[in-house]
Amino acid sequence: MDQTRQMTAMQAPHPDIAAWEQPPKILVVDDEPLNVQVLCEVLADFGQISFATSGAKALELAERERPDLVLLDVMMPEMDGYTVCIEMKARDRTRDIPVIFVTALGMDDDEAKGIELGAIDYITKPFSAPVVRARVRSQLVLKRYRDYLSQVAYIDGLTGVPNRRNFDDRIDAAWRDSVLRNRPLSLALIDIDFFKQYNDHYGHGAGDECLTRVAGALKTAAQAFSGFVARYGGEEFACILEGTDEVVAAERAEKLRAAVEAQAMVHAPTAGNSIVTVSVGTAARNPQADETLRDMFQRADNNLYAAKRLGRNCVISG
Ligand code: GH3
Ligand code: MG
């Protein structure tokens, strides 16, 4: 039963684009309006098509709409397609958007250059509608598979929140950033209280549902202060609080604790609390101390266990 639920939560993309719930977004870039018109007509049934007739406008749209694919004319006045591609690959928000170059027939050197710049394919002018459609279709399907795989690799299959791998990457980056910019960084470790009793009483399936609700409540609460919540393992979650010192971290951890309590999920009669609650331990990076990320973790973990010893459903910071 659990497996079925996980599979419906993250389905592999259907090979037929028409079956996708979210139609793909394609950006067509060409300074010649007639070419734009032809490409838009050829691709109309694939999804949502937008267009730009200059490199600058293309970059703006790519940043804003984050299309699944860009068809990019090479020869354009002011900013040519190569420059647009280089700019896209240099920016975080547009780096992963696949680009197909549109080149005039017989310009082999140009095609090679486009691929070296990070384009994934090219289409030659004058267009052949079936070739354009076939190339675009295959790239859209590949893009959707890449998106799916990165989701599977970085999202917890049960609860839908970021997984441990995702968390490890983020905390490493956050730690480096906080050291480099001398900015505060805090961490909250969150563990469900008496969860074994919940499982023992209601069964593992219900336990899974409870975990999912706790994850959802934590994620929603953390959004208010841009906290990054992940499933750290089992019934333990972690929240990265960037730019947050010890005092503010304690306030935010309290909001996370209260958000789970507010769900008012009835606990097992054998559990020490009548509703499902969490205990939280926080730690802030101490810029004065010669501390490692591991040290900060250790302190958050110690505080979590102190919170458990103190009776659970509380936050211990410092
Ligand atoms: P404490 O308040 O001290 O944290 O007690 P606890 O019962 O929550 O802690 P304990 O470590 O004894 O038990 C954790 C339980 O969490 C045991 C394990 O079966 C359950 N668990 C871990 N991962 C999952 C999961 O993915 N699904 C379900 N249903 N249960 C899980
Ligand atoms: Mg627990």
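A polar contact is a pair of N or O atoms within 3.5 Å; within protein, one must be able to donate a hydrogen and the other to accept it, and residues adjacent in sequence count only if both atoms are side-chain atoms.

## Basis of the model

This is a predicted model, in which local features need pLDDT of at least 70 and side-chain atom pairs count only at pLDDT 80 or more, while totals for chains, interfaces and linings use all residues. Residues are numbered from 1 along each chain as its sequence is written, chains are lettered from A and ligands numbered from 1 in the order in which they are written, and side-chain values use heavy atoms, with hydrogens and water left out.

## Ligand 1

Ligand 1 is surrounded by 17 residues, the closest being F195, N199, D208, R231 and R312; a residue counts here if one of its heavy atoms lies within 4 Å.

R231 contributes a polar side-chain atom, 2.7 Å from an oxygen atom of ligand 1.

## Magnesium site

D191 (OD), I192 (O) and E235 (OE) coordinate the magnesium ion (ligand 2) at 2.0 to 2.2 Å. Donors are N, O and S atoms within 2.8 Å of the metal (3.2 Å for Na, K and Ca), and water is not among the atoms, so sites may look incomplete. Along the chain, the donors follow the spacing D-I-x42-E. D191 lies in strand β6 (residues 185-192) and E235 in the loop between β7 (228-233) and β8 (236-242), so the pair ties together parts that are 44 residues apart in sequence.

D191 is buried, at 6% relative accessible area, whereas E235 is partly exposed, at 24%. Buried means under 20% relative accessible area, exposed over 50%, and partly exposed in between (1.4 Å probe, protein chains only).

## D73

An unreviewed UniProt entry places "modified residue: 4-aspartylphosphate" at D73; such annotations may be inferred rather than shown by experiment. D73 lies in strand β3 and is buried, with a relative accessible area of 2%. Leaving aside residues up to four places away in sequence, D73 touches V29, D30, D31, G81, V102 and K125 (contact: heavy atoms within 4.5 Å).

## Helix α6

Helices (H or I, at least four residues) and strands (E, at least two) are DSSP runs, numbered from the N terminus. Helix α6 (residues 129-154) has 26 residues and spans 37 Å from first to last C-alpha, close to the 38 Å expected at 1.5 Å a residue, a figure calculated as 1.5 Å times one less than the number of residues.

The buried residues of α6 are V132, V136, Q139, L140, V141, K143, R144 and Y148. Their cover includes β1 (25-29), α2 (33-43), β3 (69-73), β4 (99-104) and β5 (121-125).
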